[in-house]
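Here is a short briefing on one structure.

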Amino acid sequence: MRDDIKEVLISEEDIAKRVKELGSQITEDYRGIDDDLILVGILKGAVVFLADLIKEIEIPVMIDFMSVSSYGKGRTESSGVVRILKDLDEDIHDKHVLLVEDIIDSGLTLSYLSDIMIRRGAKSVKVATLLNKPARREKEVSIDYCGFEVPNEFIVGYGIDYSEMYRNLTFIAALDEKAYS
C-alpha cells in the first residue's frame, strides 16, 4: 500500500494538532447556544475526522451521518451528479448543523447538502472540512472550519480512499498515478 504513495502531504502529528485546534474553535463558537448542535458526518471519508473531532469539542453534541456519492467505484473525477445513499436518522429542524467533510474539491456535494439542510429547517448550517482543494472548485462554498489546503493531487489517507483502499493510512498523502491509471 505504501508503495502507491507519491508523497506524504500531512503527517499524523500535524493532523492531530489541527483537529485539536478546530475542536477548540468549534467549542468556543457554539458555547452557550440554546439549541442542539448536530454534527453530520459525510460517509465514508469523514468518519475518521469526525471521530477525532468530537473528542476535541467540549460542549454537548449529537452526531448523525449521510452517505452521498458523486464518484463511483474506481473513479477519480466527480460525475457532477450527487446521489443520497443514506439519509439522516435525526430531524434537524431548529437545530444547528455542522456538516463534517473529509475533503472539498468541486464543491458540488457540499453545496447540495447545505441546501438540503436549509430546506429541512436547520437553524444554521456551517461546514468543517479536514481538507480543502480549491484548484478543483466548480461551485463556491463557504467553509467555516478548515484543517488544511491541499494541492490538486489525488488524496488518500485518514479516512479518504481510492476505490475503498488507503482509508487506514494515519497520514494524508498524494496517491501515485500508477495506482489508479
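**Second largest pocket**

The second largest pocket is lined by Glu12, Ile15, Ala16, Val19, Lys20, Asp52, Lys55, Glu56, Tyr158 and Thr170. The model is predicted: local features need pLDDT of at least 70, side-chain atom pairs count only at pLDDT 80 or more, and totals for chains, interfaces and linings use all residues. Residues are numbered from 1 along each chain as its sequence is written, and side-chain values use heavy atoms, with hydrogens and water left out.

- The volume of this pocket is about 160 Å³.
- A pocket here is an open set of points on a 1 Å grid over the protein atoms alone, with protein on both sides within 12 Å along at least five of seven lines; lining residues have an atom within 4 Å of a point.
- Grid points are joined across faces, edges and corners, and the volume is the space filled by probe spheres set on the points. The probe is 1.4 Å.
- Helix H1 gives the most to the lining, with five residues.
- The lining divides into four nonpolar, one polar and five charged residues.
- Ala, Val, Leu, Ile, Met, Phe, Trp, Tyr, Cys and Pro count as nonpolar; Asp, Glu, Lys and Arg count as charged; the others, Gly among them, are polar.

**Helix H1**

- H1 covers residues 12-30. Helices (H or I, at least four residues) and strands (E, at least two) are DSSP runs, numbered from the N terminus.
- Its 19 residues should span 27 Å at 1.5 Å a residue, and the end C-alpha atoms are 27 Å apart, which agrees. The expected span is 1.5 Å times one less than the number of residues.
- Ile15, Val19, Leu22, Gly23, Ile26, Thr27 and Tyr30 are buried in H1. They cover an arc of only 140° around the axis, so they sit on the same side of H1.
- That arc is taken from the directions from the helix axis to the C-beta atoms.
- Glu13, Lys17 and Glu28 are exposed on the other side of H1.
- Buried means under 20% relative accessible area, exposed over 50%, and partly exposed in between (1.4 Å probe, protein chains only).

- Most residues other than glycine have a negative phi, and most peptide bonds are trans.
- The Leu43 to Lys44 peptide bond is cis, with omega near 0°. Lys44 is in the loop between strand E2 (37-43) and helix H2 (47-54).
- Ser163 is not a glycine, yet its phi is positive, about 55°. Ser163 counts as partly exposed because its relative accessibility is 24%.
- Tyr166 also has a positive phi, near 80°. At 7% relative accessibility, Tyr166 counts as buried.
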